[in-house]
Each structure stands twice: as C-alpha cells, then as structure tokens.
Amino acid sequence: MLLITCPWCGPRAETEFSYGGEADIARPLDPDALSDAEWADYLFYRGNPRGPHREKWNHVHGCRRWFGVERDTVSYRIARSFMLSAGGPGADADAGPESGGDANTEQED
Amino acid sequence: MAAAQPNRLQHGGRIDRSRPLAFSLDGKAYTGFAGDTLASALIANGVALVGRSFKLRRPRGIVGGGAEEPNAIMQVGEGAKTQPNLPATQIELQQDLVAHTTRGWPSVGFDIGAISDFFGRILGAGFYYKTFMFPRSFWNYYERAIRLSTGFGEAPASPDPDAYEHMNAHCDVLVAGGGPAGLIAALVAARSGARVILADDGNEFGGSLLAGADAIDGAPAMDWVAGVVAELREIPDCVLLPRGAVLGYHDHDFLTLAERCVADPRGPGDATRRDIRPRARERLWRIRAKRVILAQGSFERPLAFCNNDRPGVMLASAVSTYIHRYAVLPGRHAVVFTNNDSAYRTALDLAGAGVKVAAIVDSRAGGGGALAAQARVVGIPVLQGRVISDVTGKNRVRGVSIAEWSGDSWENVTSTVRIDCDLLAVSGGWSPAVHLHAQAGGRLDWDESQLCFRPAHASEKQRQSHDSAGAGNGRQSLNECLTDGLRAGTEAVAKLGLEPAAIKAPAASSAGEAPIEALWRVPAERDADRCPKQFIDLQNDTTVADIRLAVREGYRNVEHVKRYTALGFGTDQGKLGNINGMAVLAAALGKTIAEVGTTTFRPVYTPVSFGTVAGESVGGLYDPVRKTALHESHEAAGAPMEVVGQWHRPWYFPRAGEDLHAAVARECLAVRNSVGAMDASTLGKIDARGPDVVKFLERIYTHNVGRMKLGRCAYGIMLGEDGMVMDDGVMARLGENHFYLTTTTGGAANALNWLELWLQTEWPELEVYLTSLTEQFSTIAVAGPNSRGLLEKLGCDIPLDRDSFPFLTVREAVLAGMPASLFRVSFSGELAFEINIASHFALDMWRKVLDAGREFAIAPYGTESMHVLRAEKGFIIVGQDTDGSVTPVDLGMNWLLSREKDFLGKRSLGRPDCLRKDRRQLVGLLSFDQRTVLPEGTQLIEKTGRTTPVPMCGHVTSSYHSACLDHPIALALVAGGRARKGDTLFAALPGSEPVPVQVVSPVFYDPKGERQNV
Ligand SMILES: [Zn+2]
C-alpha cells in the first residue's frame, strides 16, 4: 500500500486517496476548432511510461483536494507530490524519504 | 487411557512436564505437554504415519519442524471452529485439541498398493493439463483420480464464531524473525531509542537457538535469549510479537503480519502482550515501518534420493529441534545423510540423547570439518564419498542402501552396504528465507560456495528500506549471525538519524567447517527416469523424473515448469524443495542454477486464515449502512428495504395481506388519483455558490444555466467528456450566485468529485464553493392531484396556487410550523411538491404529512412505485436506462443541449460514432399480449427464426406492470429506435418462444405533461 504525501495533510495511506490518471492533460480551449482526431487524442490517448509518471490523486477521504504525484511506474517510488495549480500551501511538497520502496506489485498467482 | 509417551526424554526440552495436555488424532486419545506442538506430541507418542500424499497416496510422516512441513497437514477443531490445512509443526498443543489427518484416503493406515500404482501411471507431470486433452473415453479414469485426490481439509459448514481483528501500527524498525540475528538487531535498535516491533512466528523467541545446545558468552544460549527478551519487554516503545508471522512485504514498507492470539498467556514470551487482551483468535497487523530487518533464518533442504519420502526420513535440523526443544526422539536407530557439516551436529545430538547412530553418510570424498572429528570421537562411523541409493520400508523406514559415487549425479551406482535404521536424518544444505526480501523487490544472488540464493545488496542498499541479517542473509555460524544482526540493527538506527547504542557482539563458539558439496539429484542404481521415485516436492508428489519429463516436453522457463509439475504449489509453497527442483531443472536444461533462477516470491509467506484477512469486516460491519432521518418510521411501518449503494430505502409499504405487486399497484393509483408521499432524502444535494458559479455551471451542465431566473428550477444533465450521460438532477437558482444542485442517489459522491476535479485542476481561477448537503437536508416528495390541498391543510405561509407558485420554481416557506424549501418539481408527472427540510425536522414533518393526508387517503410509497410512476412518464434513471454508453441525443434530450456555449462532453457529441444513425435510442415497448412483463435486460431481435447467431437490435432497460394503464410498459434502447415507432420486434426470453412487442413513444402517460402543471 503506497504512502502518499498530500501537500495539505502530509503522508497518508493509499486507501485515503483516489487515482485520477495522468496529470498535465489540459482541456483544449476551443474544442470545436479541433479535428475529430485531435479531440480523440485529448480524450483517449495517454502516455504509459516505464519510469517516472506525473499523475493526479485526490485526497478523497481527507481534505478532498486534487494534487499531483510523480511516481515511478516500475519501482512505485514517489519522487514528490506537487500542487496542480500555483498558490496553495505546500506547493511542490517533497514527498520525503519514507515514500520510497521497491515492493513487488505483481498480483498473479 | 492416555498412553505413556514412549519417545519422550526424561529431561530437557522447553516443555512443561507438570502440565500434561490430552488431545486426539483421528479419534485416538494421546497426551503431550504444554510447550509441545502437535507434531512433537505425536512423535512422543510414537505416531509415525500422519498422511498420504496428494497424488500417489503414499504413506507420509513428519519431515520438518516448522513452516516448511509438507506432510503433516491437519484439520484442527470441529464444527464451526474447525480449521483445515494447518501443519502439525506449527500447531501449539492445547488441552482437548481435536485433530484429524486430512489426506488419508480412505484412511491413513489403510494401504491400497494397486491404486497407488494406478495413480502413479496416470498422474505424471502435467496431469492437470493432460486430463483435459486426452480422448473422452479416458475421462472416467481421470474423474476418479481427481475426485479421490481433491483437496486437503474441509472448510467449516457454518459461520466462524470466533472474533478476528485488525491492528494498524507504525514503527521505526520492524524486525522479522526472533533468532540470534533478529534479537540483537532489535536490542540495538531499541536501546538506541527507535520504536521497534520484533515478530517471530514461533511461540517463543530464540529461533535456531531453541533447537540446539549452543553457548553464548560462555553460558547456555537460551540464557542470553531470556536476558534480551526481558530487556526488550521493559522498553516502552518496543512491541514483541511472538506467534506473529510476517506474511507480506508490500509497497512503501507496508507489511502484514498474522498473530495467533492465545487464550492462556503462560508460555515464554507471552507476558510481552501486556497491552492487548487476547479476545480475538487471530489478529492481522498492518505495519508501516521506516526500516525493516529481515532475519527469518534459513530452511534446510532435503536431498533427492530414491524413496526419500518414507516416514522416518526427516530433515536433520528438525531431528535436532525435536530432541532439544521438545525432548522427544524421532527414532532409535539412526542414519544421517549429508553433503555439508551441519548434520554432524544432529548426529551428535542423537548420540547424546542415547540414540544409536549407525552411520553418517557424507557425500563428500573429503568428509567434514571439526564436527566430523567430534563425531568420530564419540564413535559414530562416518562413510565419506558415499550416498544413500535407496530406502526400504513402506510405512516406516527399515533400512538404507549405500553406494560409492563418482561425483556425477547422473552416473548409476552400485549399492554395497545396507544398514538397518528407523530414522534417516537428511541435510542437503541451507536456503536463506529470502521470501520477504524478494517480495520487497530485492534481487537474489546465487552463492556458489554456499550453494544458495541470498539477498543481493550492493547496488540497491542505499535505496532500500530493508536489510537482511543472519542466516537469512547467508550467514552460517552463530558468531556470524550475531555479528550480522548487530550490524543490521546499528545501520538501521543510523539511517534513522539516531545515535546507535554501543553493544559488544556476544561471542559464540564456532566450529571450523568444511565446504558444502553440490549434490542435488542423488545417483541410484538405475537412471533418473527409471529408478524408484526421488521426490522434490513431497506435498505435490513432484519428482526428479517429473521435472525432466517437463523439459522433454518442451518446458524451459522455471515459472512454466512450476505450473506444469505443480512444484511449490502446496501449503508450504516450496519452502522445502524448490531450490532442489531448480537445480534438477538446470541440469536438465544444461544451464546453471543462477541462469534458471527462482520463481517469483509473492505474499503470503505462510498460509493465513480467511477470518484473519476479513478481521472485523463481517456481518453488520462489512459495509456501512446509510439510513435516512425517516428510517425508523419506515421500519415501524413494515416497509421492506431496498439496498441502493450503502443506502437502505423503503421498497414498498405493504398493508395486511399485500404482496409487492398489490402494494405497488395501490401506491401508484393513490398518487395518480389522490396523493402519495415518498422519502427522497437519499438524493445527492450540493450547495454551489461564489462569484463565478454561473460560469462554472455553464461548463458543467448542458443547458443555459445563466438564463435561469431567481427561484427557477431546471432539469439538468452532466456529461462525461466522452459525451455520455453521467448524472442528472434538478437544480434551483436560489440567488444571483447561489445554486442548489441535486444528483442521483448512487452518483452523489462521484458528481461532487467530478465538480471538484474541474474546479481544482482545470479552472482554479473560478471562485466557486461546493458543499454537500445530502445528510443535512431531508426530502419528502408529496405527489398527486391532492398534494396542494394537503400542503394547505398542513398550514403554509405562502400561496400555493399555480400562478403564485408555478411549476419548476422554488420557494422558502414555513410549513406546518417548520422552515422548509418547497420545490414544485415532479418525478411522477403529477402535481407535486418536494419538501426540503433540515434533517432534524424531517421525522416530525413526515408524520404531519401522513396525518394531514389521512382525509385524502394518502399512501406512503417506496422506490418500486417511484420507478413505475417515472417509467409511465418516460423519465429515465441514470445507471438503469443508461450505462455509460448513452448520449443525451440517444435519450431524445436534444432540447437540453445549448447551442450557445461549450460544455463538458459537447465536442464528443459530434464524433462520428455519436452521429451514427443506428445508435441505440430510448423508446417504449408494449407487449402485444398485454400481459408479459419483460424481464429487464431482455435482448430484442428483429425476427424469429432458427438461424444463429441472431442479431440483437436492443435491450429492455426498465419494465413494470402499470396499474393505472392496466398493462405492462417497458423502456428500451433500440438501434435507430426513434424512427421505428410502430415496428414489431421480438423479446428473446430464455426457455420460451420470443414475445412480439411494439415500439412506441417512451411516454406512456399524460404525453402532453398537463397533470404536473396545474
Ligand atoms: Zn489532504
């Protein structure tokens, strides 16, 4: 179970959070100006990197704020959590050294 | 009645001879002592046969002394408390313990040789897979074989009456394993001020020291253990968990641990449990540790020789354990077979206990080190450069054949000597318990000198939070283990930023050892595929020949071979035989063991009961129940509840003698003809306000929110960005920058999260505040032509007539003396008011509504009537008539889609797929026979006929009998449905002829909507 640092609340267990997918996907300002293919790219296509991944998490059973996490998809090590918008407390909060871990996550029999 | 314990030593052991304990196995009474395991008590009583093997039904005896035991698998307890599949080596003996062998078909003692041969022929490697590939005519044989060999124990037939609990804990240092390395690591960490949890799966601390006669600092090693445990017990921030098996090492240093709780905390180590009462049977600890030290020791390996499964063939270390820890003798005439030095200690232990050791058979031409010299001094014959080529005896070892060998495992040998014995103690070397290290993502290195996989550290150590110590880290002598444990503990506290306490490493005697020899498959008189069976995995009857067969059949990868041969599949999860199996596989493939590698280590480390996993989350605590403020009133009225998510909602309000259908028909007619009242409190309610609230809601909802006048209500839908309907509800404009939103019951939490997601991540510049009011306000819907009269009778301080309070508006009012918001909205199509009221007023209001309604013959109604009433009007329920693939256009809601603005999902409605003419669209259906209520989910087809497959053109989403129309009605999604009104389709019903149905408008009742607008 991941240990995730909420920029507002500090480190909490993964069960307090919900996952929101890849971060940094900006909604197009003028959707009507986009081709079907361009809109589909925004709508459906996501990176699936092996390694560092910037993603959205919601502290849904806590302060209910959305924030960003940079997590390694191989080691699950969390490099840092960060604010998705400037100005809030704890922007670019360091996840701290305790968030690491190389636990095996395979669930196959 | 209780027989004497013929194999019990008069002195020694960590048992309490003053506390005899009666127990039974398969109905036969025995006696053991407090401190025994079931296994040691059985050995004390001379019970050698404890089961039959899974596939081959061969007689089996106790092999090990701990978690690695593959044979003595017991069913313990009776009735609801019975537990299957427990190794006798880990069952603490208790008074009146009732155990049964679980694999004795038809009984452990009854031997059917012919059947064994029969199984032997058909149940080779891959039998699970081949079973399903052979000709059908063979099936009779396989079925018989599989039925006979299914499963181990039996699950209890009734609910478990015991309590289990979960415990969350945090610590600085978790030490897994309470042997010499773990103890000293915990000691230095605790003395340095770290918060320590020390766990060991045994009933007392000491690990390997419990099984020997070692000395530390010149005194018995167990004195040192007692001193360390006593000190740790006095340190407030140190938690000692004997009987605590660390099961899993999960992400971010989260570990799970199962603790067996004892009712009688008397044994050594139990006084440490001062903080927790033993009221649960087992406790699952969920531990987040800053540093983890893995000191779980090592497992002794067996050797793969012919008939190595005969009862009386035991691990050498287990023999020492039984002698020293439990004061029992597993045999009287022993032979020891080894490829390394450690088994010489067992030979000395046996001799010291008065057992005749006929020979030590050492495969090494050069023999052993210092211990071998000691053995010779006490007169034990040592046969060097020899191996055991076969074993005689069936239900008990009777003798062994001994042969010289060349050092080549695959070159046949000739037996030259035969020695009688009833015990064969075997050591094939040691494998560090690397399970948790591997679970944590740690790599393993093959150690060619010690012939084992050991934790690899060098490149990873700086990044890892865990460390290994002692035998689990590949250290062999007691001295090395103590030094390594001290190192690991010191490094852990240093990494935590604490000043490590200075501790001098205790000194233990250490004998000079000769190196181990690689001996995996022991040569026999015939070659490996024709000689008597050489077992690798005793529990699954996997042999050397099976692994070689798998290779001949094309298997190359160790994971595939594991699955094909069932190697390591048992309750011991390969703790005993896996490395031997990998070595045999490597030889068959012509590779090194390091190249073949290990199978993946996954949680859990040892079996855990379902009760422990479930903990307190059973029965009423399985899932929270949400109740409305009116719940007690509904229950008192005898309303059955419908579970909607976590909510319990009244389903219908039956009167005496009424069933669901009669009650629903009456409730619906009351609403259509007079008045009914419903508890609609579970609707999601969100207060939205702020200077930018209009701008925000315009982007969320599809209609023109900004055009709503103060006090107006509107039906709104929100779409996902893919254009699919996500939620719906009524919204009201309470102020210039203040809205009140309602959502579906099931979608309330998601809807609020959805709004927050956009507000926080995409449009943080908008100043909008969202507050859930779902619990704070209750909603009572009063519906029917007499609803206005009822409210007037209740006493209302505002005029309720159509012109003063028109349809789709909201008013603040004082109703029946209570402040309330009144919404003129209708989910039934009738004149209706929704009374929104603070929850603490709700029950009083509900009673007053029902009281005042008596003169109108008011009917309280539940979710079922609500569904019928809305379906008669063609109103959808999101999640029932939609499924995440339905657009508002499919539902005929184009009128809700603003052309003047962008909103979430709008662009997707223009995607080619959303413009397809054959998309499924919402329609109504009428059964031609005026009788058939179509089951919801029924598939619709174009025509009847026998050609398959039959193309499906739609499905029924809602279906009820309408009391006021006196015929069935259904809503359906039909391909291109809106253009097909009047067409005939067929409803495909399982087990009967398709029923013809006509496609009609989804609005069955009052199509012009006049009744709600009066
Ligand atoms: Zn938070």
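Within helix α22 (residues 839–852) of chain B, B:D844 and B:K848 are separated by 4 residues, about one turn of the helix; helices here are DSSP runs of H or I with at least four residues, strands are runs of E with at least two, and both are numbered from the N terminus. The structure is a predicted model, in which local features need pLDDT of at least 70 and side-chain atom pairs count only at pLDDT 80 or more, whereas totals for chains, interfaces and linings use all residues. Residues are numbered from 1 along each chain as its sequence is written, chains are lettered from A in the order in which they are written, and side-chain values use heavy atoms, with hydrogens and water left out.

B:D844 and B:K848 form a salt bridge in which the closest N and O atoms are 3.1 Å apart. Under the criterion applied (a side-chain nitrogen of Lys or Arg within 4 Å of a carboxyl oxygen of Asp or Glu), the count over all chains is 54 salt bridges.

Between chain B and chain A, the count is 3 salt bridges. In one between B:E721 and A:R27, the closest N and O atoms lie 2.5 Å apart. On the side of chain B that touches chain A, β13 (244–250), β15 (282–294), α10 (435–439) and α20 (748–762) each supply at least two residues. The largest share, 8 residues, comes from α20(B). By class, this side of chain B comprises 13 nonpolar, 11 polar and 15 charged residues, with Ala, Val, Leu, Ile, Met, Phe, Trp, Tyr, Cys and Pro taken as nonpolar, Asp, Glu, Lys and Arg as charged, and the others, Gly among them, as polar.

In total, 39 residues of chain B contact 39 residues of chain A (heavy atoms within 4.5 Å). The area buried between the chains is about 3300 Å², of which carbon and sulfur atoms give 46%; buried area is the accessible area (1.4 Å probe) that two parts lose on being put together, summed over both. B:H252, B:Q760 and B:R907 supply 24% of the area that chain B buries against chain A, more than any other three residues.
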